[in-house]
Amino acid sequence: MSGVWVGLETNNGELRSVAFEMLTAARRLADASGAQVCAFVWGEGAQDSAKALGECGADSVVVVELSGDASARPAEVSAALAQLAAEQKPSVVLLADGAFSRSVAPALAQKLSASFVADVIDVAFDEKPVFTRLPYSGKVIERVAPTDASALTIASIRPKAFEAAQPEEGRTAGVSTFAASPVAAARVLQDVVRAVSERVDLSEADVVVSGGRGLKGPEGFKVLEELADVLGAAIGASRPAIDEGWIDAQYQVGQTGKTVAPSLYIACGISGSIQHMAGISASKYIVAINKDPEAEIFAQADYGIVADLFEAVPLLTQQMRDM
Ligand code: FAD
């Protein structure tokens, strides 16, 4: 197999933990096939992140310099990666699954006549790269491999599906820069408003406290926030809480929301629909708080508390504070 590429974007000047998880996936493919891992990184602080990428498994690092126009970023990144890939012919390009990769990856695949495999949770090498994903709300395990071993596959990696690569003493990578050409792209004429939250990112959180229709209104989330503050957790929500306008759509967990894989998922006033469970099945422990003992979620939760959440959650918060 020729090169394994990893495309990485910094967030507020730093690499997200998914960057190091992708290096784990890339190294597994490269080590099994004798290929090299090349990391492409762009965004604020990209140059500063190059050293860490080398220590954690990249054989080489390319800092991609962009024009700085945020609305042209996906078009510039896909044009730059397409140009470099056409010259250097990697076998695999990995991107982090999310809104950005969903716009970059199909454009890149179209430019290079490559395949795109979304939301990958595992990789292996068996004469060809093999990508595992869980379509149909996780009801099916699908393993995808290119029909032609020399074909390029672009894959997006689900956050928290892999262990993060750790620095290895003495490991370094050669670092170069590539200046992306400005491209004609749709421009945002008004402001781009970014939701700012001091909490951990939902898809990367180790603990998630999530609420559903049982919260009865936006005030219910205040009760959850107190528990989340004590636990250092992210807040999540089921779809009805979003549809009712109780909380912003970025917090939705499930089939049409975010997929999470925390060590602990605390579901409060959530019934356990298949669409919600599709987004949380990779959680290590699920704790359900529901006043209905027959609620579907108890069949899948590791621990269940049959109680009114407005009594149980403040008690839990107090217990955790006192610990
Ligand atoms: P409900 O099913 O109404 O459950 C509320 C629960 O709260 C009940 O079990 C009740 O016993 C409990 N409760 C009430 N009061 C209290 C109290 N005081 N204390 C404790 N417990 C209490 N849903 C998602 O969540 N995410 C998705 O991504 C998603 N995508 C969808 C995609 C499609 C195509 C479709 C058709 C649906 C999707 N849904 C999704 C909606 C999904 O089918 C369910 O309707 C939804 O998950 C139910 O949310 P809920 O559990 O909060 O509400």
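**Nonpolar core.** I started with the largest nonpolar core, which has 35 residues; V4, L8, L23, L53, L94 and F131 touch the most other members. By nonpolar core I mean a set of buried Ala, Val, Leu, Ile, Met, Phe, Trp, Tyr and Cys residues joined through side-chain atoms within 4.5 Å. The model is a predicted one, where local features need pLDDT of at least 70 and side-chain atom pairs count only at pLDDT 80 or more, while totals for chains, interfaces and linings use all residues. Residues are numbered from 1 along each chain as its sequence is written, and side-chain values use heavy atoms, with hydrogens and water left out.

Which elements supply at least two residues each to this core? I found β1 (4-11), α1 (17-33), β3 (37-42), α2 (46-55), β4 (60-65), β5 (92-96), β6 and β9 (153-157). The largest share, nine residues, comes from α1. Helices (H or I, at least four residues) and strands (E, at least two) are DSSP runs, numbered from the N terminus.

Next I clicked on V4. Leaving out residues up to four places away in sequence, V4 touches A26, L29, A30, A35, Q36, V37, C38, V92 and L94; contact here means heavy atoms within 4.5 Å. Another core, of 24 residues, lies apart from the largest one, and V62, V64, A105 and A114 are among its members. In soluble globular proteins, nonpolar side chains tend to be buried together.

**D119.** I then went to strand β6 (residues 115-126), where D119 is found. Is D119 buried or exposed? D119 counts as buried because its relative accessibility is 15%, and the cut-offs are under 20% relative accessible area for buried, over 50% for exposed and partly exposed in between (1.4 Å probe, protein chains only). Its side chain makes a polar contact with the side chain of R158 at 3.0 Å. A polar contact is a pair of N or O atoms within 3.5 Å; within protein, one must be able to donate a hydrogen and the other to accept it, and residues adjacent in sequence count only if both atoms are side-chain atoms. Beyond four places in sequence, D119 touches D97, R102, T132, R133, S156 and R158.

**K128.** K128 sits in strand β7 (residues 128-133). I noted K128 as partly exposed, with a relative accessible area of 25%. Which backbone oxygens does the K128 side chain reach? A polar atom of that side chain lies 3.0 Å from the backbone oxygen of P146, and the side chain reaches the backbone oxygen of T147 at 3.1 Å. Not counting residues up to four places away in sequence, K128 touches A145, P146, T147 and A149. I also checked K128 against D292: their C-alpha atoms are separated by 49 Å, and the two are 164 residues apart along the chain.

**Positive phi.** I looked up two residues here. N12 is not a glycine, yet its phi is positive, about 50°. N12 lies in the loop between β1 and β2 (14-15) and is exposed, with a relative accessible area of 70%.

K216, also a residue other than glycine, has a positive phi near 70°. I found K216 in the loop between β11 (207-211) and α6 (218-231). K216 is exposed, with a relative accessible area of 58%.
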